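Trainee: Please take me through this one by question and answer. Keep it brisk.

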Amino acid sequence: MNNVVEEINQVQIAAETEIVVAQRSIAIIGLGYVGLPLAIEFGKHYNVMGFDINQERIAELSEGHDRTKEADMEELLEAMNMKKKSGKSRKGLGFSFNKEELKDYNTFIVTVPTPIDQFKAPDLKPLLKASEMIGAALKPGDIVIYESTVYPGCTEEDCVPVLERVSGLKYNKDFFVGYSPERINPGDKVNTLTKIKKVTSGSTPEIATIVDDLYSSIIKAGTHKAPSIKVAEASKAIENAQRDLNISFVNELALIFDKIGIDTNDVIEAAGTKWNFLKYKPGLVGGHCIGVDPYYLAHKAESLGYHPQVILSGRRVNDTMGQFVANKVVKLMIEKDHKIKGSKALILGITFKENCPDVRNTRVVDIYHELEQFGLDVDIYDPWANEEAVYHEYGVDIIKQLSNSVVYDAIIVAVAHQEFLELDYKKIIRNNGVIFDTKACLNRDLVDARL
């Protein structure tokens, strides 16, 4: 009898949760690589507003344009048209930069950047500013879900107090919080939002279920409900710290094998014949996740009195790779009797990964600055990157097409854009020029060295 009653209660709870989820109206705060795909997907099922303080970004999205190239344009237009036909009260996607309009929604998903500052410490300003904005719109019964990558404890210890202070409401009495770390892989058109399993969590068991059901309604790969917000936060931090450490290991191998005089990729291919060997490749480690998140985890550890050894040693190795590449290129040029000062060098690519316009935390600039210090005249060519974004972020000019009249003494393939795989290198390199391939993506007969 008790089992029957329990089953009936569970069915009732599930039905009530389904009703609550269906009534959610969602405001996505931040419309970058993470926020926009999320807004589009939720817009197919709910009343959604994509919010960003950048008015230019809102204007371009409203016209159906996306500079990040992450959005499926047909799906974006479809979600927008649904909103236009149904009005504010039903499903579809609209955009706004007006903070007052946030008050019309009861669920807020925060996808703003969480970078590091010049001292490699977490910079929470965008996250806390977003929390202030939401706090001003918060009403009893509302839920705030954070997706931005943070250290364990940040949501409840840093963000919730801001929400309480600005709103005047009480946490877990008047409003509630969830955390579901983003897992977007910029430039990846196969492992897209709905195809990647999503970790979810909530500030109470009931809210955790609502948050999980909300994401389950759009994530085809399924969800994993973590037992607490801190666990969900930590899971994201270690995902990227693990990758950072694995890459730092092979980067250190590249430094060693360079001194031995053997090719790192040859060694990896040989070792990879064993079933349990992980074939990580050496390279520059940038982007908004792998090169940043380990510092968030280290920051939390240090605040608790523990100085992490392994995490930070991996970061140190990876942060030196740009300098190593530049120095290696100069040594190769000297071997070929080049006069270094005044020689022309070409860096192919400045985005942090191939076939993607994202330039956040790119380590290609390390190569650029090191070569400049040697006195080389350096061009950066990247057909994917936005010129203004690069200059704003790094103070560096890039070229958007190669000149037929310019040949280079050295070429460094820093990013494996499809366009670079199809270049006729013989037309742009001097007869005794140096080609260095950081991605091991070119024919080996063409290059002088590679990572």
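Trainee: Which residue in S3 stands opposite Phe51?

Mentor: Strands are DSSP E runs of at least two residues, helices H or I runs of at least four, both numbered from the N terminus. S2 covers residues 47-51 and runs parallel to S3, with five bridges joining them. In S3, the residue opposite Phe51 is Ser96.

Trainee: What kind of model is this, and what pLDDT do local features need?

Mentor: Residue numbers start from 1 along each chain as its sequence is written, and side-chain values use heavy atoms, with hydrogens and water left out. The model is predicted: totals for chains, interfaces and linings use all residues, side-chain atom pairs count only at pLDDT 80 or more, and local features need pLDDT of at least 70.

Trainee: Which strands are the edges of the six-stranded sheet?

Mentor: The sheet is open, its pairing is parallel, and its order is S3-S2-S1-S4-S5-S6. Two strands pair if DSSP finds at least two bridges between them. An edge strand pairs on one side only, which leaves S3 (92-96) and S6 (176-179).

Trainee: What is the average twist from one strand to the next?

Mentor: Angles run from 0 to 180 degrees between N-to-C directions; axes are lines fitted to C-alpha atoms, for helices over the stretch in contact. From strand to strand, the average twist is 20°.

Trainee: At what angle does H5 run to S4?

Mentor: Contact means heavy atoms within 4.5 Å. H5 (residues 125-137) lies across S1 (25-29), S2, S4 (107-110) and S5 (143-146). H3 (residues 55-62) lies across S2 and S3, at about 145° to S3. For H5 against S4, the angle is about 170°.

Trainee: Where is Lys120, the residue with a positive phi?

Mentor: Most residues other than glycine have a negative phi. Lys120 is not a glycine, yet its phi is about 65°. Lys120 sits in the loop between S4 and H5.

Trainee: What relative accessible area does Asn172 have?

Mentor: Asn172 is in the loop between H6 (154-167) and S6. Its phi is also positive, near 65°. Asn172 counts as partly exposed because its relative accessible area is 30%.

Trainee: Which residue just after H13 takes a positive phi?

Mentor: H13 (residues 364-373) is mostly covered, with seven of its 10 residues buried. Those buried residues pack against H11 (310-319), H12 (321-335), S9 (344-348), S10 (377-381), H14 (387-394) and S11. Just past the helix, a phi of about 95° belongs to Gly375.

Trainee: Which side chain makes a polar contact with that of Asp409?

Mentor: Asp409 lies in S11 (residues 408-413) and is buried because its relative accessibility is 9%. A polar contact is a pair of N or O atoms within 3.5 Å; within protein, one must be able to donate a hydrogen and the other to accept it, and residues adjacent in sequence count only if both atoms are side-chain atoms. Leaving aside neighbours within four places in sequence, the contacts of Asp409 include Met333, His338 and Lys344. The polar partner, at 2.8 Å, is Arg430.

Trainee: How far apart are N and O in the salt bridge of Asp123 and Lys125?

Mentor: A salt bridge puts a side-chain nitrogen of Lys or Arg within 4 Å of a carboxyl oxygen of Asp or Glu. The structure holds 30 of them. Asp123 is buried at 16%, whereas Lys125 is exposed at 55%. Their N to O distance is 3.1 Å.

Trainee: How many residues apart are Arg165 and Glu132?

Mentor: Arg165 and Glu132 form a salt bridge, with the closest N and O atoms 3.7 Å apart. Arg165 is in H6 and Glu132 in H5, distant parts of the chain, and their separation is 33 residues.

Trainee: Why does the pair of Glu239 and Arg183 tie together parts apart in sequence?

Mentor: Their side chains meet at 2.7 Å, N to O. Glu239 lies in H8 (residues 229-260) and Arg183 in the loop between S6 and S7 (198-200), so the sequence separation is 56 residues.

Definitions and conventions
Buried means under 20% relative accessible area, exposed over 50%, partly exposed in between (1.4 Å probe, protein chains only).
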